[in-house]
Amino acid sequence: MSATIRTVEKILGKDIVKRGDRTEDRKEILKNLTGAEIDAEADRLVTRYPGRFTPPKEIHEKIRRLQKDMQMAGCLANAVGA
């Protein structure tokens with residue numbers, strides 16, 4: 001199943017006029033996107049530019065590993081009385 005990536009114009013339903021406030025423009029665009037659409041775009045970029053981007057699945061796995069490492073470090077610190 002392939003997800004259809006919506007363009008900014010389709011998301012906002014209007015032509016984009018550059019107002020100079022990129023932060024607000026991004027917030028307006030992102031509030032209408034689903035997690036699945038963001039993941040689909042990330043996967044597309046990983047495929048198009050191999051080696052340049054980290055796939056979302058790898059990011060999530062790295063977060064889990066880091067959390068586990070932090071928990072282990074906390075347990076070790078408690079064991080030695082730090």
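Glu41 and Arg44 sit together in helix H3 (residues 35-48), 3 residues apart, or about one turn of the helix. Helices here are DSSP runs of H or I with at least four residues, numbered from the N terminus. Within this predicted model, local features need a pLDDT of at least 70 and side-chain atom pairs count only at pLDDT 80 or more, while totals for chains, interfaces and linings use all residues. Residues are numbered from 1 along each chain as its sequence is written, and side-chain values use heavy atoms, leaving out hydrogens and water.

What links Glu41 with Arg44? The two form a salt bridge, with their closest N and O atoms 2.6 Å apart; the term stands for a side-chain nitrogen of Lys or Arg within 4 Å of a carboxyl oxygen of Asp or Glu. Glu41 is partly exposed, at a relative accessible area of 23%, and Arg44 is partly exposed too, at 34%. Partly exposed lies between buried (under 20% relative accessible area) and exposed (over 50%), using a 1.4 Å probe and protein chains only.

Now move along to helix H4, where Arg64 and Glu61 also lie 3 residues apart, about one turn of the helix. Arg64 forms a salt bridge with Glu61, and their closest N and O atoms are 3.1 Å apart. Arg64 counts as partly exposed at 48% relative accessibility, as does Glu61 at 34%. A search of the whole structure finds 2 salt bridges.

How confident is the prediction? The protein has a mean pLDDT (the predictor's confidence in each residue, from 0 to 100) of 77, and 74% of its residues reach 70 or more. Confidence is highest in helix H4 (residues 56-80), at a mean of 87, and lowest in helix H1 (residues 8-12), at 62. Where pLDDT is low, the predicted coordinates should not be read in detail.

Methods. Helix = DSSP H or I, 4+ residues; strand = E, 2+ residues; numbered from the N terminus.
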